[in-house]
Amino acid sequence: MIDELVAQAQSGDKRALEKLLRDHYDRLYAVCRRLTGNDADAADACQEALLAIVRNLPKFDSRSRFGTWAYRVAVNASLDEMRRRKRRARPDDMVVSNRLDARNSSPDVSTTVADRLALEAALAGLSPEFRAAVVLRDVAGLDYSEIAEALQIPAGTVRSRIARGRAALADVLGRS
């Protein structure tokens, strides 16, 4: 099905292209969100990734799965966005603008939000290489060979980056 959509999109079928992008948007955004650490940068990175996919779709040769290729494009767009973010002045990203009213929220919601914020802060502390490998495995659900292909690194390096990234996350989260 996806191969057919790709072929149709490559031949100029706009509906096929729209369906292909719609079908992959949520997963690509999730990767961008986890890599960049905030919604604004994730939206920018995901938008850039979608534009790059459209621009480069005619060059896509189906040697890898479309999803794997699209993840690689999203990772690159996210890394580019993170580099741009470092160059521009920004207010503190860790400020939570919409605070939960503790009196009206259940303890489970507060705990979940706190855990999620702690995870995002821990992910932000990882190097981009470790973060990309961990996010592609644990958020996108790719297997090691797909991650190796997406990041253009050997499978052994993928295993190492995931192990080191997870260990660093466990260390940081264990201290909080």
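In which helix is D26 found? I located D26 in helix α2, residues 14-36, where helices (H or I, at least four residues) and strands (E, at least two) are DSSP runs numbered from the N terminus.

I noted that this is a predicted model, in which local features need pLDDT of at least 70 and side-chain atom pairs count only at pLDDT 80 or more, while totals for chains, interfaces and linings use all residues. Residues are numbered from 1 along each chain as its sequence is written, and side-chain values use heavy atoms, with hydrogens and water left out.

Next I looked up the accessibility of D26, which counts as exposed because its relative accessibility is 59% (exposed means over 50% relative accessible area, buried under 20%, partly exposed in between, with a 1.4 Å probe and protein chains only). I also checked D26 against C46: the two are 20 residues apart in sequence, and their C-alpha atoms are 9.6 Å apart in space.

I then turned to N38, which is buried, with a relative accessible area of 10%. A polar atom of the N38 side chain lies 2.8 Å from the backbone nitrogen of D41.

For the whole protein I recorded 8 helices and 0 strands, in the pattern α-α-α-α-α-α-α-α along the sequence. Of the 176 residues, 37% are buried.

How values were computed: Polar contact = N/O pair within 3.5 Å; in protein donor to acceptor, adjacent residues only side chain to side chain.
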